[in-house]
Amino acid sequence: MRHISKPDLGKSARELFELCAGDFTDVSRRKRLLELSKSVETDSAHFENKFPNMLTGLLTQDPMENGVTNNEIVKIYNQKFAKQNSIGRQYYDAIMALPPLGICPICGVRVISTLDHYLPKTKYSTLVVSPNNLIPVCRDCNTDKSDYYFSKTSASPLHPYFDDIDDIQWLIAIPKENRTVAFEVQASELCDQVLNKRVANNFKLYKLGPLYSKKAAQVIADEIGYWDKMSKKKRGIRNLKEYFQSRLESVELNRSSFWQVAFFKGLIEHIDIVAQWL
């Protein structure tokens with residue numbers, strides 16, 4: 001996962017909610033929705049100040065005290081925030097523009113295509129347009145997470161706005177004899193026990209292992225001929241190891257892809273296995 005800055009939209013969660021809810025033409029509906037403004041403000045502040053702890057306390061009653069259902073509140077997001085040309089769409093687009101190069105901060109591989117509600121909008125409806133609850137992600141990461149619900153902090157997914165593990169080596173790559181590479185999570189001394197569990201859970205939830213193995217297989221297929229040629233030069237396998245080291249330094253310097261950092265480190269550390277591929 002890549003850390004990205006929190007959205008700075010110039011409007012609070014409450015102001016966005018009131019902007020979107022206030023755009024409904026039905027007076028009675030608009031009035032009932034706007035009665036929830038204080039709850040939106042309180043719950044959004046709780047989310048930001050308590051993350052990742054005590055989030056289950058934000059589960060919304062359905063229907064709420066004034067009779068508004070979760071489904072009605074979800075329509076604020078669908079019709080007045082995410083919909084093209086809606087009153088809130090400019091803020092949707094601003095959040096979508098946050099990830100560098102448009103790459104999904106969750107997987108670090110695919111291109112973003114939508115906003116994901118970190119806490120599902122069907123269960124935490126007061127956060128339906130809260131900027132800190134909206135994460136730009138790719139289609140596959142959004143699908144894999146779906147309406148994932150957790151009751152323990154250790155089971156909570158990582159959040160690109162709040163969690164920063166960019167400088168922590170949590171991913172390792174293990175070359176196998178059949179020209180494949182397996183990716184696994186490695187607990188870090190720089191993380192407490194809860195964060196290590198969250199990292200492992202995140203890896204499983206988003207099916208990152210198979211994704212990175214597939215990407216590694218593509219690199220191997222594209223470059224294996226060149227690797228073989230390098231290994232047959234005068235300095236043999238040392239040439240190849242130095243090549244992997246230069247590739248590693250490049251991806252580390254550019255912070256381009258955390259799976260590639262693990263990949264080239266794995267090739268260097270298990271150069272004897274790589275030699276068997278050639």
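Phenylalanine 81 and tyrosine 92 are both buried, that is, under 20% relative accessible area with a 1.4 Å probe and protein chains only, where exposed is over 50% and partly exposed lies in between. The model is predicted, and local features need pLDDT of at least 70, side-chain atom pairs count only at pLDDT 80 or more, and totals for chains, interfaces and linings use all residues. Residues are numbered from 1 along each chain as its sequence is written, and side-chain values use heavy atoms, with hydrogens and water left out.

The rings of tryptophan 259 and phenylalanine 263, with centres 5.8 Å apart and planes at 50°, form a tilted pair; rings of Phe, Tyr and Trp (its six-membered ring) pair if their centres lie within 6.5 Å, and planes under 30 degrees apart count as stacked, over 60 as edge-to-face and the rest as tilted. Both tryptophan 259 and phenylalanine 263 are buried, and ring pairs link them into a cluster whose members include Trp170, Phe183 and Tyr212. By this rule, 20 aromatic pairs are counted.

Threonine 126, at 2% relative accessibility, likewise counts as buried. Beyond its neighbours within four places in sequence, threonine 126 is in contact with Ser39, Val40, Asp43, Thr60 and Met64, contact meaning heavy atoms within 4.5 Å. The C-alpha atoms of threonine 126 and leucine 59 are separated by 8.7 Å, although these residues stand 67 residues apart along the chain.
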